[in-house]
Structure formats: C-alpha cells, structure tokens
Amino acid sequence: MSNTFVKTACRIGTLVALFWAPWMTTQAADAAAATLPVTDFARNGSLSHPALSPDGQYLALSLHNDQAKWGEPDYQLVVLHMPDLAYVSRLDMVRSYQPAQIVWVNNTRMVVPLAYTSSALEAPQSTGDIIAVNFDGSQKQTLYSLRHRGTLQAGPHSMDMPKGFPSIAGMPFPRNGHVYVQMSVLPERNANGDWDAHQSQIYDVDSLNGKPALIGSIDRGSMSFVVHDGVARVAYGSSDALTTDVFTRADASSPWIRLSDAITGKHLTPLAISRDGLTLWSLFSDDGGPASLMESRLDGTDLVTLSSDKFGSVSDVLWDTQTGKPYATIFEDGKPHFDYLDDGVHAKVLKALNDKFADHVVTIGGMTENGNRMLVVAQSDRDPGSLALFDTDTMSLRPLFQFEPWIHPEKMASRKPFRFKASDGLELDGYLTLPNGTDGKALPTILLPHGGPIGPRDGWTYDTDAQFLASRGYAVVQVNYRGSGGRGPGFEKAGYTHFGDRIQQDLREGLEWAIAQGYADKSRLCVYGGSFGGYSALMQPILAPGLYKCAIDYAGVSDWSIGFERSDTSHMKLGRTYFAQAVGTEATARAISPLYQLDKFNVPVLIAHGEDDPRVPYQNATRLRSALDKANKPYEWLSKPKEGHGFYAEENREDMYRHMEAFLGKYLGK
C-alpha cells in the first residue's frame, strides 16, 4: 500500500472522528443512566435504500415518517442534492407502501418497485407495482401494475406484458434510461386461487414511456435471468426447495440448454456476465458445503475459485461499476469479514476503512458510474448503521446520516460470536449478548431462536430484540442451528424433517454451552422467539422439562396442519413442496406440533399474535389458548387486530415489549 494511501486513511479517520466524537462525548456521561425507553426499540428505522445517481449529483432514499397520522403517508421517496444535501423533491407513498428498491437508470431518472409492509417478522412484500420518476419529481410513470393491469392506472403499456409478478433484473451498460424487468407469468384465469407461475419472461423497458421489448422467455415458472448486451443468456430457478436448475443459450435465437448436475454441483447461482461476454460469475457449492464465488465460461465449464471459506458461504459480492468485475466478497460468520479480490482503489479504500474502524463493519452501498464517489455504510453490534460519502479523487469521507439516530451505540450491549460442537459432532455458531453494567456471569438468560427455519440466520450486527432484552439485564443466546443460512445447501438440508427434534437439540445445546461457560444462570432461563422461533419457544419446555421458567410465543406455530391448510405458503406449489420435504406428512406434522403435547408443557407462556397473520394463521394462537384453558395451565395473552406476521405498528410493538418486560420480570426477576 502506498504512503499516499496510508496518509489518506489517517485523514479518513480524522474526518469521521470530527463528526462522531462530539456526539459520543456528550452522551458518554449518561451511558450508565436510567433504563432505556421501550419506544427506542419499537421504532422503525428512518432511512433505507440509499442510492447514488450515476454522476453522483443526487442521493435518493426511502424516508420513514413515524409521526404520520393514520391515513397519512408514512413513507416518502426523497431526493437530495450532493454533497450539500439540499432538498430536491419528495414523492409520498400510499399508506404502508414503500420503495422496495431504488434504481437510477440514468443521471436524472429512477425506477422504483413498490412493497407493502404489514408485518414485523417478514420482509416487505412486493405489490406488483413498478414506477419511474425524475429526480425532481416530474414525469412520473407507472411501468407495470399487477393490481391495476388493464386500467389507466397501470400505464399505457401494461397489457404489453403478461399478468405476473415483476422484479428488477438489472439495466443496460452504459445506463440509457432503460431497465430489465423479469416476470413470473401467472395464468390469466386462475380458478383455484394458486399463485404458481407457469412461465418466466424478461423485458427491456423504456422508463420514460413504459414501452417493453421481450428479450428472453422460458417455459418454467419463477426463474431469474442474467442479461448480456441486451440478450438473456442465463436463466435459473428452483422447481423445489432443494434444487436449482440453470439454463444457458448462445444468443437470442438459440434454444435454452440445461446445465448438467455434474457442472452445477449441489448448488449454482449465476450472478453476472463479464462485459466481454466470456465469463460467468456464480456462487457455487460442489458438495453441499459453503458457497464460493466462482468464475467460469457461460456454459459452466472451466470453473475457477475466486473466494471461499471452509465454515461460511459468500454472503455478498461487491462490484466495480466501471469494469463490471467483483473486487471483494463478504462472509457473515462470526464478525463479518472480507476477502479482497484485487488491489484496485475500491478494495484499498474498503480495507483501509475496515482497518481504521475495527469495531464496525464498513461496506460499500453503491458508487457512481465512474467509481469516484462511493456510498459507505458502517454498522456494528451496537450501531444500527451510518451512511457516508467517500470521494476517491480527494480521498475524503463526508458523514451523511445515521439510520436510527435515537440509538446511542455506547449504551448498547456487545455481541460476542461463539462456536461449539453439537452432541453429534457438527460445529455450530451463534451470538451471545451480555448486558452492560454486569460482570457477565450467572445472568438470567433468554434463548432467542431465529425464524425460518430454513435459510435465515442470526448475525453479528445490531439486533433489536437482543438489545432490548440486554437493556433489561438479560443475557441473550442465539444459535444458528442446522437449517440456518450461510453455511451452504448441505447445512440447510440437514434441518429438513428435524424441526421438532435435532434443531431443538441444537438450540438447547447452545444454551447449555452458555451455562457451562458461566454466562447463564441455569435457574433463571426463558425462551422467546417469533415465527419458527415462537414454535421453538413452545417446543423447548416440552423437550427439556425443568430447564425453563417461562416461554414467549410470538406468532409461533402450535399446529403445523393449520399451515398446510391456511398459510399463504400453501397457495404455491413450491410452498406445498417445501412443507412436504421439510416438515413431512400430516402424521409427522401432528407429532411435532406443541398443541398435541401440552401434557408435557409446564411453564407459564406469553402468547402474542397478529389477528390477520397470513404466514402463521391466527388459529395457531386461538387453538393453543383453548387447549391451555382446558388443561388449566397458565398463560398471558396479547393479540392485535389488523396485524400480520408480527406487529408492524410501532405502538403495538411497544405494547409487546412492555408485556415481555413485565412477564420476564415476574418469572425470572428484574
């Protein structure tokens, strides 16, 4: 590394310190003050989806207004001038709608897919709408609307694309105002109410007039595409939850050819094609282990490993906007860490920032088309994140925003990564959050299983639930049990058909590790989780009688057969296949359902559930309540109307946390 760059790194640190140090100094004196307010943990983040225009003149982002009254827009698309952050324009969203993504298709125009937020435990769901708008709010155009297709609200070319679920699949290089929109095509008439796509297509759409041009089609549903030079060259997708099929073609007139299993291994996810059209970059697992970043020919041959780790998969790839090549990868196991693929300026800047701010993870959230300005995102276990602008011409860093400015990192608890061997020898990892102001020994402890169970994982960065519990004096144990993401397809598959036994044993053994290390007081233990974590909160006391003092079931499964019949997952063939592969038969589902094992459930439980939950239907809670009433077993109840899978409204989340605080204080002690 050159002396010039080392001096630059020092200058970066000085500039950031000037921005953060005064704020931290004024707050440090209060770090050990009164208990932090519940409202701080119940609030939604203020900013999301920051996107820098190709020339670096504008910053667009989604702004959440938590002061909005009912009926008023709670999200806006906001554009600011750079670098002075002068206000340029604002586009109000319909209530509960928000930008799902912000894509600059040229220096002055954006394409924005919309999402609907109705639950706290699920990512915002696509509405099937894509709009385009200029930086100044002018020339707003609907490019596609599944809801309004065929009406004036859907745009002039809505019927030129089929009925289906749209998503953004990239844009031409260089940017020319067009965007690639891929469609999971639905039957025009669907009598049985299923949501299964039967075909996949991709269009080159002019964002100004909305006119589409078909550039790829394949007779398989729910496929994704990789485009080169205006032609869809690669298509990939899953016919079930365990396999991914990959197809390639030589040009627009050639047929699709499926790559053999010998080439794709256990899993291959295509990411991008090089500018010269000769190289394909993919995430690849040959034997079911962690996924590596690979490069190959477009037919998958001549595979070369660019980045890999024996324990964890590549979780993200950072791309150079000028060359189109990857310059770094991210691994999320333990504290997130990087693998730098070249010694170019972007890799050097990224490494210098991470070396300088070793208590954070610093990544690049976007850059200009010539690469001279970069959006820098810094997060940590205590810090929900901050945004800054790095200029490679002047080698300077300008702080911009904090994502949750009401959270004071020095008042938050640290999160410690740990690993342990399960009783069958499988190495697992997790995170331990220890409350401030304690010696970290013999603490009342909460086991906090994540949802899913297949695919999601707990990570090192800021976790609202863990921080809330730690702020009330509890240690928190989180385990990435078999089935969790980030370890490769084989690790995920290991969780199939083991929801009620081996996964639960992994969780318990992670908690036993914390007891053996002296962190957790074995006489003061509780289990709390949402979704599959709520299911685990019910199963843990059944499988480990006498270990727990209480349980908190938040939107959890009490009877798997309800999901087979009523869950939104059951409306798709892929979802029904998932239930069959991961859970099993109706008989198996009954055998692992807590509702039918309540004779072994002997702890007080707090049940919290949204009454309009489509993922884990409300009947899971009401049937559990009826069975507990019949058995005369103690429980506390919290349900909310107009809430889905988890509580979205901030006042309802605050109520949930207050109930939790009182419940845990009652059974574990304050």
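Trainee: How many cavities of 30 Å³ or more does a search of the whole structure find?
Mentor: This is a predicted model, in which local features need pLDDT of at least 70 and side-chain atom pairs count only at pLDDT 80 or more, while totals for chains, interfaces and linings use all residues. Residues are numbered from 1 along each chain as its sequence is written, and side-chain values use heavy atoms, without hydrogens and water. A cavity is a set of points on a 1 Å grid over the protein atoms alone where a 1.4 Å probe fits but cannot get out. At 30 Å³ or more, the search finds three.

Trainee: Which strand gives the most to the lining of the second largest cavity?
Mentor: Lining residues, with an atom within 4 Å of a point, include L77, R90 and F135. β3 (75-81), β4 (87-92) and β8 (125-134) each supply at least two of the lining residues. With three residues, the one that gives the most is β4.

Trainee: Is K310 buried or exposed?
Mentor: K310 sits in the loop between β21 (304-307) and β22 (314-319). Buried means under 20% relative accessible area, exposed over 50%, and partly exposed in between (1.4 Å probe, protein chains only). At a relative accessible area of 85%, K310 is exposed.

Conventions: Helix = DSSP H or I, 4+ residues; strand = E, 2+ residues; numbered from the N terminus. 1 Å grid on protein atoms, 1.4 Å probe; cavity = no way out; pocket = protein on both sides within 12 Å on 5 of 7 lines; lining within 4 Å. Points joined across faces, edges and corners; volume = space filled by probe spheres on them.
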